[in-house]
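Please read them with the sequence and the coordinates open beside you.

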Amino acid sequence: MTKRIFRSIWIVAITVFLASLVLIVSVLYEYFSNEQMRSLQTETKLCASAVENGGIDYLESVSDGDYRITWISADGTVLFDNKAQSDIMVNHLEREEIREALSTGEGESARRSDTLMEKQIYHAIRLSDGTVIRLSKSYLTWWSLVLSMLQPIVIVMVIAFVVSL
């Protein structure tokens, strides 16, 4: 009888814990995803203003940070990229955020890399000369975030098991 009560308590505790974990991680992941996009938009606007005033000199003076900065001509040719060689890059005219920026002035998109378990977000702004400045940043997907939290989750489950004994 006590084994059955113990098993029931254990199952309920684990179920409530996992349900709470999924809810909390989902809400926080959505919140921080939106914050990342707002931050990227702000950084892109600042970078666009600096490129309008300083051109390529500004871009070459920027140190390699968390953001990837790409300057693209109106025909899709990459003029500058702080993370890759711009002269060997493919034409960017087909990228969603570039098309939007050329037609409306601003564009954004997100692409997920299943192999890296990262999500790449992009924000692009058309400059007054018709070129486009685009910033991108990567962050962890929901699944990789859960995997990175696996050790603390297991520790909490072991503690719950020991306490319930």
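1. To begin with Leucine 147: this is a predicted model, and in it Leucine 147 is partly exposed, because its relative accessible area of 37% lies between the limits of under 20% for buried and over 50% for exposed. The residue is found in helix α3, and it is one of the members of the nonpolar patch taken up in the next point.

2. The nonpolar surface patch covers about 800 Å², and it is made by Val22, Trp142, Trp143, Leu147, Leu150, Val154, Val158, Phe161 and Val162.

3. Helix α1 deserves a careful look, since the helix runs over residues 2-61 and has 60 residues, yet its end C-alpha atoms are only 70 Å apart, whereas a straight helix at 1.5 Å a residue would reach 88 Å. Where is the kink in α1 centred? The kink, of about 125°, is centred on glycine 54.

4. From C-alpha to C-alpha, valine 16 and glutamate 106 are 44 Å apart in space, and the two are 90 residues apart in sequence.

5. Serine 73 has its place in the loop between β1 (68-72) and β2 (78-81). Is serine 73 buried or exposed? Serine 73 is buried, because its relative accessible area is 12% and the limit for buried is under 20%. The side chain of serine 73 makes a polar contact, at 2.3 Å, with the side chain of aspartate 75.

6. As to charged pairs, the count of salt bridges comes to five, and one of them joins the side chains of aspartate 81 and arginine 68, with a distance of 3.0 Å from N to O. This pair links distant parts of the chain, since aspartate 81 is in strand β2 and arginine 68 is in strand β1, 13 residues apart. Aspartate 81 counts as buried because its relative accessibility is 7%, whereas arginine 68, at 25%, counts as partly exposed.

7. Another salt bridge is formed between the side chains of glutamate 97 and arginine 111, at 3.3 Å from N to O. Here too the pair links distant parts of the chain, with glutamate 97 in helix α2 (residues 96-104) and arginine 111 in strand β3 (residues 106-113), 14 residues apart. Glutamate 97 has 0% relative accessibility and therefore counts as buried, while arginine 111, at 30%, counts as partly exposed.

8. Arginine 134 also forms a salt bridge with glutamate 97, and the closest N and O atoms of this pair are 2.8 Å apart. The link again spans distant parts of the chain, from arginine 134 in strand β5 (residues 132-140) to glutamate 97 in helix α2, 37 residues apart, and both residues are buried.

Notes
Residues are numbered from 1 along each chain as its sequence is written. This is a predicted model: local features need pLDDT of at least 70, side-chain atom pairs count only at pLDDT 80 or more; totals for chains, interfaces and linings use all residues. Side-chain values use heavy atoms; hydrogens and water are left out. Patches are made of residues with over 30% relative accessible area and no salt bridge: like charges are joined within 9 Å, nonpolar side chains (Val, Leu, Ile, Met, Phe, Trp, Tyr) within 5 Å. Accessible areas come from the Shrake-Rupley method with a 1.4 Å probe; for residues, only the protein chains shown count as cover. A salt bridge is a side-chain nitrogen of Lys or Arg within 4 Å of a carboxyl oxygen of Asp or Glu. Helices (H or I, at least four residues) and strands (E, at least two) are DSSP runs, numbered from the N terminus. Buried means under 20% relative accessible area, exposed over 50%, partly exposed in between (1.4 Å probe, protein chains only). The expected span of a helix is 1.5 Å times one less than its number of residues. The bend at a residue is the angle between axes fitted to the seven residues ending there and the seven starting there. A polar contact is a pair of N or O atoms within 3.5 Å; within protein, one must be able to donate a hydrogen and the other to accept it, and residues adjacent in sequence count only if both atoms are side-chain atoms.
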